[in-house]
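Me: I have a structure open and would like to go through the terms used for it. Please set each value against its rule.

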Amino acid sequence: MGNHAVSWGVLRSRAQVIAAYPITPQTQIVEELSEMCADGDLDATFIKVESEHSAMACCIGAAQAGARTFTATSAQGLALMHELLHWASGARLPIVMTDVNRAMAPGWSIWADQLDSLAQRDTGWMQMYCESNQEVFDLTVCSYKIAEQLDLPIMVVYDAFLLSHTSEVVDITDQGPIDDFLPPRQAELKLDPGKPYAFGSLVMPEYYYEMRYKLQEAMERAGGVIDSVLEEWAERFGRKYGQVEGYKLDDADIVLVTSGTTTSTTKYMVNQYRERGEKVGILKMRTLRPFPVERVRKELAGRKRVLVIDKNMSPGLGGVWAQELRAATAHIPDVPPIQCYIAGLGGRDIRPETVRDVIEHGKTQESLEKEYHWIQLKN
Amino acid sequence: MIEIRIHGRGGQGAVIASKILASAVFSEGQYVQSFPAFGVERRGAPVAAFTRIDAAPILIRNNIYEPDHIMVLDPNLLATGICTDGLKKGGIVLINSENTPDFFKGLDDFRVATVDAGSIAAKHRLGSPSYPIVNTTILGAFAKASGIVSIDAIISCIGDQVPIKPEANAESAKEAFESVILGY
């Protein structure tokens, strides 16, 4: 299952400090990791903590001391970490975290919805969304390499149950080739009694501004680093990924923009439209931060329709992916209105018929009449 | 693509059954997907688990609403109608029961098979005599009833994946393979 794919990714990445607090649907990740540690398969310190806030605090301390760290959470647990997410990025610590997308309560829900991770958009973390359990394994390993090259934290994100509890075929790459791909972390500055530095002290206005500049400068480099790490992964292991990925996209008039497992079910429906000769394709979003602005502009220009399926809702405005895409493509000529469809909140099943209804409705929308559309809303 | 739904009660092992079935089919060269009904499980409450099988990578990721075949670990669940809901015409209904297939009425659209998995599992001391764990046993019967997977693959995966009493589980599956009654 997806949760075990993460555990194996962390094992293969030789994480040194793991701190976590259980929350459904993430719990199996750290359950398996604790067994790997107890059995001696993974030479890591496993720290049991009393909250997600403490879990992130442990990762921050360990990463500051130069260790390779891991934690995992979902929904309210991620929200409880919020303060320290800013600390991790501001302190430039390459922490890797899994967030299993779970709807925010209330209503109390354990099912998939992307708002938990999307709401952490401005914390300075990179975020990558996964469509399959193979991607979960591969991107967990790649995340360490990306994060450590940039000294930025990264979140690997995937849907509750649809991946977390679904078993499917995953190729678990052997340890040797992964050791070649991912050498041990070499922290340039770290807590070291033999070579003391002070970390986390007061920063006066004359320096804070430049610290933020450096953080943003790292984010600007992040796109290139992600591309090069994913290219190296593809060369070594034959599985190719990008910050955005097209599916039957080249000649598509109607482009569905998807993320996570919604992409798979959308591919199933797009195949049916293609059999009827309709030019429908998919732009699959992988990274929320850094946002792949140039790629999005290039891929969406010249299309007849852009239909975003947002498995989230930012109350007061609409789907988050659609808002990001609108901001990225504003004033870019030849990009059609970006239509936003809210679907799948709180684990509501996104079925092929849901995607069909989006496509058929989207065909009728020449202009941007509404900021967002509800799909299959019950009365 | 073949879609299979397993109905049982919390504690009978439906989720593990769907995983072992998926592993067995995978070992024979097919793509598989296995998942539980996405919910909160309690001992004794009705549960369902799903397995998808295809020659090509499986794209579809939503729940299964119209299964090709079903397995029913607790025959009392049949009366609720949830088991056969959406089941395709001609689909196999494999029931854990001491009765023969003709005992079950109202299933004329389907191919009914029965196996006394409860007694077989109890004999092999799987679970307790009053609440035997029948998941591995019924998979043996499913191999015979469906022909989708070989009994050898089922037994091999039971050996790999069942942590406690793997031999007894394998023997039980084999006995179910031999004793399942096909009403078609």
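Me: How many salt bridges does the rule count over all chains?

Reply: The count over all chains comes to 34 salt bridges. The rule asks for a side-chain nitrogen of Lys or Arg within 4 Å of a carboxyl oxygen of Asp or Glu. This is a predicted model, in which local features need pLDDT of at least 70 and side-chain atom pairs count only at pLDDT 80 or more, while totals for chains, interfaces and linings use all residues. Residues are numbered from 1 along each chain as its sequence is written, chains are lettered from A and ligands numbered from 1 in the order in which they are written, and side-chain values use heavy atoms, with hydrogens and water left out.

Me: Why is the pair of B:Arg61 and A:Glu168 called a salt bridge?

Reply: The closest N and O atoms of B:Arg61 and A:Glu168 are 3.0 Å apart. The limit is 4 Å, so the pair qualifies. Between chain B and chain A the count is 1 salt bridge. Side chains of opposite charge can pair when their charged atoms come close.

Me: What makes the two chains partners in a contact, and how many residues does each give?

Reply: Contact means heavy atoms within 4.5 Å. By that rule chain B gives 16 residues and chain A gives 24. About 1,700 Å² is buried between the two chains, 63% of it from carbon and sulfur atoms. Buried area here is the accessible area (1.4 Å probe) that two parts lose on being put together, summed over both.

Me: Which residue pairs count as polar contacts across this interface, and how many are there?

Reply: A polar contact is a pair of N or O atoms within 3.5 Å; within protein, one must be able to donate a hydrogen and the other to accept it, and residues adjacent in sequence count only if both atoms are side-chain atoms. Between chain B and chain A the rule finds 7 such residue pairs, both at pLDDT 80 or more. On the side of chain B that touches chain A, the elements giving two or more residues are helix 1 (14-27) and strand 2 (31-36) of chain B. Strand 2 of chain B gives the largest share, 5 residues. Helices (H or I, at least four residues) and strands (E, at least two) are DSSP runs, numbered from the N terminus.

Me: What makes domain 1 and domain 2 of chain A separate domains?

Reply: The bounds, 2-237 for domain 1 and 245-374 for domain 2, come from an automatic or database domain assignment. Their centres, taken over C-alpha atoms, are 28 Å apart. In contact are 26 residues of domain 1 and 24 residues of domain 2 of chain A. The two domains bury about 2,100 Å² between them, 55% of it on carbon and sulfur atoms. On the domain 1 side, A:Gln114, A:Arg121 and A:Glu131 lose the most area to domain 2, together 30% of what that side buries.

Me: How many salt bridges and polar contacts join these domains?

Reply: The count between domain 1 and domain 2 of chain A is 6 salt bridges, and the rule finds 16 residue pairs in polar contact.

Me: Why do A:Lys284 and A:Arg286 each count as a salt-bridge partner of A:Glu135?

Reply: A:Lys284 and A:Glu135 meet at 2.6 Å, N to O, and A:Arg286 and A:Glu135 at 2.7 Å. Both values are within 4 Å, so both pairs count. A:Arg286 lies in the loop between strand 10 (280-285) and strand 11 (287-289) of chain A, and A:Glu135 in helix 6 of chain A, 151 residues apart.

Me: Why are strand 8 and strand 14 of chain A called edge strands?

Reply: The open sheet of 6 strands has the order 8-10-9-12-13-14 in chain A, with mixed pairing. Strand 8 (244-247) and strand 14 (373-374) each have a single partner strand, so one side of each is left without a neighbour in the sheet. Strand 13 (residues 338-342) pairs with strand 14 in the parallel sense over 2 bridges, and A:Tyr341 stands opposite A:His373.

Definitions and conventions: Two strands pair if DSSP finds at least two bridges between them.
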